[in-house]
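Please consult the sequence and the coordinates alongside the text.

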Amino acid sequence: MTNAPRTLKETPSQTAGPYLHIGLTPAATGLEISDRQLGTDIAGPHANGTRIRIEGLILDGTGTPMTDALLEIWQANGEGIYAHPDDGRPVEDGFRGWGRVTTDFETGEWGFDTIKPGQSRGPDGGLQAPHINAWVVARGINLGLHTRIYFDDEPQANATDPVLNLIEDERRQKTLIAKRTDRAGQVVYRFDIRLQSEDETVFFDI
């Protein structure tokens, strides 16, 4: 018997779906298997700050809305603090800062309610513009795609954000900045994600 190392073959990969909703968002498919749906309560009832809604579409290379995609988000609270032990600072009771939504099976629209994040610390200790981190999973994608959602009513903070300043102005304005509207007293931001095309959303290698 020898102790020679074995050569292991890589496990074959495949794209997400078509049944990712059953395991990740069962309520979206009508399966009520838990009293609490994972990922739907992002900010909690005690979070301080401006309550907002973010909506949009996930579009494929032909511009067609995808009705079978999943979007996960994570964010800081209104003071720029993440609900993570590495931050070390307290957050409000019930604030998770993480959520998961799926696109509508008919229209492809997605949306979630949360609070607007504050400016968070970057790796170098400097401040980043308010933003929400997003991760997209859909058919045709082997690895989830990472992007960020910034806000068009934060021009001063956006102008000094270290990540935004790595990207040419026209592209970041078109693909990383959510557009604000006010609907019946509610602050709503529009953010469409384009997986391919000339206006493809900026995705980050994380």
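Lys116 counts as buried, with a relative accessibility of 13% (buried means under 20% relative accessible area, exposed over 50%, and partly exposed in between, with a 1.4 Å probe and protein chains only). This is a predicted model, in which local features need pLDDT of at least 70 and side-chain atom pairs count only at pLDDT 80 or more, while totals for chains, interfaces and linings use all residues. Residues are numbered from 1 along each chain as its sequence is written, and side-chain values use heavy atoms, with hydrogens and water left out.

**Salt bridges around Lys116**

- Lys116 forms a salt bridge with Asp153, and their closest N and O atoms are 3.0 Å apart (a salt bridge is a side-chain nitrogen of Lys or Arg within 4 Å of a carboxyl oxygen of Asp or Glu).
- Asp153 lies in the loop between S6 and helix H2 (155-159) and Lys116 in the loop between S4 and S5, so this pair ties together parts 37 residues apart in sequence (helices, H or I with at least four residues, and strands, E with at least two, are DSSP runs numbered from the N terminus).
- Asp153 is partly exposed, at 27% relative accessible area.

**Other salt bridges**

- The count by this rule is 14 salt bridges.
- Glu109 forms a salt bridge with Arg190, with 3.3 Å between the closest N and O atoms.
- Glu109 belongs to strand S4 (residues 109-115) and Arg190 to strand S8 (residues 186-190), so the pair ties together parts that are 81 residues apart in sequence.
- Glu109 is partly exposed at 31%, and Arg190 is partly exposed at 31%.
- Asp87 forms a salt bridge with Arg89, the closest N and O atoms lying 2.7 Å apart.
- Asp87 is partly exposed at 22% relative accessibility, and Arg89 is partly exposed at 28%.

**Largest pocket**

- The largest pocket holds about 400 Å³ of space (on a 1 Å grid over the protein atoms alone, a pocket is an open set of points where a 1.4 Å probe fits, with protein on both sides within 12 Å along at least five of seven lines; lining residues have an atom within 4 Å of a point).
- Its volume is the space filled by probe spheres set on the points, which are joined across faces, edges and corners.
- Of the 19 residues that line the largest pocket, Tyr82, Arg121, Gln128, Asn133 and Arg148 lie nearest its centre.
- Strand S5 (131-137) and strand S6 (145-151) are the elements that give two or more residues to this lining.
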